[in-house]
Amino acid sequence: MFQFENQLLRLKHEVLTRVALLAKENKISKEELEKIPFAMIEGETPTYRDTVEQERNVVLERAKLAAGYKPNGKHGQDLVDVQDENQILYVIKEACDRCPTKKFQVTDSCRNCVAHKCQSVCNFGAITYVDGRAYIEPDKCKECGMCKKACPYDAIAEDMRPCKKSCPTGALSYNTEDLSAVITEDKCVNCGACMSACPFGAIEDKSSLVRVVNELISKDRNIYAIVAPAITGQFGPKTTYGQVKNAIKALGFTDMIEVACGADAVTVHESNEFVERMEKGDSYMTNSCCPGFLSYIEKMMPDQAEKISGTVSPMVATGRYIKAKDKDAKVVFIGPCTAKKNEALIDSIKDSVDYVLTFEEIVALFDAFEVDPATCEDIIVDEASIFGRNFAVGGGLTAAIQNYVQEKGVEVEFKPVQVSGGADIKKTMTMAKAGKLQGNFIEGMMCEGGCINGAAKIVSVMKAKAPFTRLNQQTTIKSVLSNRVLEEYHDVNLER
């Protein structure tokens, strides 16, 4: 049904789909999960690993996480449920390739020149010469990069592990015994950058797929899907919002609601909060819609946490809106973000959303239930403003606030600073902490470019951007305040 861009995405999808099928047939068990690797990998010729046994072990650990269980257990050990743990991302040791642990290494391009410029710029005495070539002593190297800059032949390579390089908080390290990757939970913000960066798929998020399937099958209560604005463009250039809605309802959901509606309500609340803070003399305020960014501040710069907006995210706002109407409802958020899985567990807001599924997981559900969005009937979905829908891209929130402030006629100096990606966030927050921020509002998005580039997307930004823009522009609601749904949010608690 779906065309995946690489072999890893296809592998992940097949595992998720098989687990969803087992859940659909009420067959989730240790014995059934152990059959998946053999059903997927036949014969004894490995495809992408050294041995078939290793390939099957990797698939088994993936299947465990997909079913909501802890990976890397000893052979024969009972399954350990991790659904209620705050940690979302786990390292699959069998899949980890044990990449080099040192950042800088000398390559064969070294010509043993007379000047020895690399050695002369090293302030730590880490460079010596062995067998006619420079050598960096790992224990002395401080990874400053001066030697790489000094070498005229570019013979010193920067070879940091992709997972470690991508992590915005330094939560990735390695086990000194077997060199497998290790995630330090206290530092991890569950943004999924490491999951996206690892070319071996050795880091994966735990799933609520089985629980959601059980809810859909039991039909004990109404179960609503609330979808992130980034969903447009994920199912091909011709698949509409209306087709996606009907596909989701075909799975057994009572209804599908746009989280972009919650984004419109959040825009109003956060704009008013910003005005109040500026009147009180605050130097700046940050957004709170990106849980990865929020968690980054709380863990890396806790003294700046008071600057975070007290407004809930659009996901929480939409979930509370539904439960205000149907107190017994179950709410499932569907988006590209792994950090949302952690946000849904926070005590002060976990009343709003019961489960979080990624785009990868909803596609697996479509296959397991034999539902193809492209063949579903099209209907008009016109619930949110174009500004609410554009929350999915960097600058979308800023544009929404600017639109609201202008239409409302609010007299306030609004000087936004838009940043996305770990490196830019670190730089901007450091400037803010030092009192050198060139603005008074920070829109921070942990994924580069915004949610449309989330860790659990199924289509690359380059392919998703055009249909995303085209479908969002089809809404008739061209300003935040013209969204009539805002009236229904008046009694919804939008405080974190």
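**Pocket, core and one buried threonine**

Colleague: What makes up the lining of the largest pocket, in terms of nonpolar, polar and charged residues?

Modeller: In this predicted model, the lining of the largest pocket divides into 15 nonpolar, 10 polar and six charged residues. The pocket itself has a volume of about 690 Å³, and of the 31 residues that line it, the closest to its centre are Lys-165, Ser-166, Cys-167, Ala-193 and Gly-422.

Colleague: Which elements give two or more residues to that lining?

Modeller: They are α6 (162–166), α7 (193–197), α11 (291–300) and α17 (422–433), and the largest share, four residues, comes from α17.

Colleague: Why is Thr-318 called buried?

Modeller: A residue counts as buried when its relative accessible area is under 20%; Thr-318 has a relative accessibility of 0%, and therefore it counts as buried. The place of Thr-318 is in helix α12, which runs over residues 314–325, and buried residues make up 55% of the 496 residues in the protein.

Colleague: What does Thr-318 touch, if residues up to four places away in sequence are not counted?

Modeller: Contact requires heavy atoms within 4.5 Å, and Thr-318 touches Ile-226, Ile-257, Glu-258, Val-259, Gly-262 and Tyr-489 in this way. Thr-318 and Leu-494 are 176 residues apart in sequence, while their C-alpha atoms are 9.7 Å apart in space.

Colleague: Which residues of the largest nonpolar core touch the most other members?

Modeller: Of the 60 residues in this core, they are Phe-235, Ile-248, Leu-251, Phe-253, Ile-334, Leu-365 and Phe-366. Helix α1 (residues 7–24) gives the most to the core, with eight residues. In soluble globular proteins, nonpolar side chains tend to be buried together.

Colleague: What is Ile-334 in contact with, leaving aside its neighbours within four places in sequence?

Modeller: Ile-334 is in contact with Ala-225, Ile-226, Val-227, Ala-228, Ile-248, Leu-357, Thr-358, Phe-359 and Ile-362. There is also a second, separate core of 45 residues, which includes Ala-260, Val-312, Val-316 and Val-480.

Colleague: How many helices and strands does the protein have, and how do you know how compact it is for its length?

Modeller: The secondary structure comes to 18 helices and 15 strands. The radius of gyration is 24 Å, which is close to the 23 Å given by the globule rule for 496 residues, so the protein is as compact as a globular protein of that length. Along its principal axes the C-alpha trace spans about 75 × 60 × 40 Å.

Definitions and conventions. Residues numbered from 1 in each chain as written. Predicted model: local features only at pLDDT ≥ 70, side-chain atom pairs only at ≥ 80, totals over all residues. Heavy atoms only, no water. Core = buried A, V, L, I, M, F, W, Y, C linked by side-chain atoms within 4.5 Å. Buried < 20%, exposed > 50% of the residue type's maximum accessible area, 1.4 Å probe, protein only. 1 Å grid on protein atoms, 1.4 Å probe; cavity = no way out; pocket = protein on both sides within 12 Å on 5 of 7 lines; lining within 4 Å. Points joined across faces, edges and corners; volume = space filled by probe spheres on them. Nonpolar A, V, L, I, M, F, W, Y, C, P; charged D, E, K, R; others polar. Rg over C-alpha atoms; globule rule 2.2 N^0.38 Å.
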